[in-house]
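Biologist: Please take me through this model, starting with the overall make-up and then going to single residues.

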Amino acid sequence: MTRNINIAGLVVDSKTLLPIEAAGIYGTDETLLGKTDVRGYFKISLSFMADGEMMFKLKIIKKGYNNIMQREHWGNLPGDTKALMYFGLDKGSGSNSFSKLVNKAIGDLDYHITLEHFDQVKIARTFDNKLSAAKAGNQDVLVKVDDKPYIVNETGWIAISSDKDSILINKKQLVIADKINGIVKRKNIKWMTPLDTKNIKLAIYTK
């Protein structure tokens with residue numbers, strides 16, 4: 001029995017989040033599955049003829065942007081299914097590219113539903129862009145986005161309630177957050193974790 005995955009989504013500029021027209025969506029065998037319209041919207045369908053897990057990849061290509069490849073490995077789902085996928089293409093190094101999958105209950109795959117779910121993606125990407133700007137050109141561990149404090153390493157972030165929160169470094173040194181930039185460099189953080197204690201809010205490990 002043939003199973004179909006119906007996918008709709010948007011392709012946008014990863015920085016401005018504005019739609020990209022005429023971006024090509026290519027399948028596993030480099031076959032063109034569809035192109036975005038002036039709104040950045042696309043809708044495609046993938047068919048699987050055999051039972052078993054469903055594996056596929058999508059490659060998004062637009063001249064002037066870095067390509068992005070999304071590999072998916074889905075389970076042995078019965079019948080047809082549907083999903084929304086959002087792609088952000090980057091003109092620079094490609095490091096700011098992103099993809100986001102939404103496969104919860106989504107109703108129809110028309111443009112309006114696709115745009116509605118994109119609101120949450122936009123909120124997350126807007127924050128990520130602001131966070132990247134706050135980290136640019138420095139090795140700060142404490143940064144602020146919209147006047148809210150965050151402790152960051154090279155790959156992630158943790159929100160804290162105040163820059164006066166206490167942070168434990170390597171289980172030994174207790175530091176007030178607003179002093180940490182003079183003590184630890186972001187690149188040296190191995191991992192970090194929030195703590196559920198009254199006086200210490202976060203632990204950082206550099207060893």
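Biologist: How many helices and strands does the secondary structure of the protein come to?
Modeller: This is a predicted model, in which local features need pLDDT of at least 70, side-chain atom pairs count only at pLDDT 80 or more, and totals for chains, interfaces and linings use all residues. Residues are numbered from 1 along each chain as its sequence is written, and side-chain values use heavy atoms, with hydrogens and water left out. Helices (H or I, at least four residues) and strands (E, at least two) are DSSP runs, numbered from the N terminus. The secondary structure comes to one helix and 15 strands.

Biologist: What radius of gyration does the protein have?
Modeller: The radius is taken over C-alpha atoms, and the globule rule is 2.2 Å times the number of residues to the power 0.38. The C-alpha trace spans about 60 × 35 × 30 Å along the principal axes of the protein. A compact globule of 207 residues would come near 17 Å, but the protein has 21 Å.

Biologist: What share of the residues is buried?
Modeller: Buried means under 20% relative accessible area, exposed over 50%, and partly exposed in between (1.4 Å probe, protein chains only). Of the 207 residues in the protein, the buried ones make up 43%.
For the protein, the share asked for is 43%.

Biologist: In what order do the three strands of the open sheet lie?
Modeller: Two strands pair if DSSP finds at least two bridges between them. The pairing in this sheet is antiparallel, with the order S9-S10-S11. Strand S9 (142-145) and strand S11 (157-159) are the edge strands, as each pairs on one side only. The twist averages 40° from one strand to the next, and the order is S9-S10-S11.

Biologist: Which residue in S11 is the bridge partner of Tyr150?
Modeller: Four bridges join S9 to strand S10 (residues 148-152), and in S10 the partner of Val143 is Tyr150. Three bridges join S10 to S11, which run antiparallel, and a hairpin links S10 to S11 through four residues. In S11, Tyr150 is partnered by Ala159.

Biologist: At what angle to S9 does helix H1 run?
Modeller: Axes are lines fitted to C-alpha atoms, for helices over the stretch in contact, and angles run from 0 to 180 degrees between N-to-C directions. Contact means heavy atoms within 4.5 Å. Helix H1 (residues 111-135) lies across S9, S10 and S11, and its angle to S9 is about 135°.

Biologist: Is Asp146 buried or exposed?
Modeller: Asp146 sits in the loop between S9 and S10, which form a hairpin with two residues between them. Most residues other than glycine have a negative phi. Asp146 has a positive phi of about 55° although it is not a glycine. At 54% relative accessibility, Asp146 counts as exposed.

Biologist: Which residues is Asn170 in contact with, leaving aside its neighbours within four places in sequence?
Modeller: Asn170 lies in the loop between strand S12 (166-169) and strand S13 (173-176). Its phi is near 50°, a positive value in a residue other than glycine. Asn170 is buried, because its relative accessible area is 16%. With those neighbours left aside, the contacts of Asn170 are Ile204, Tyr205, Thr206 and Lys207.
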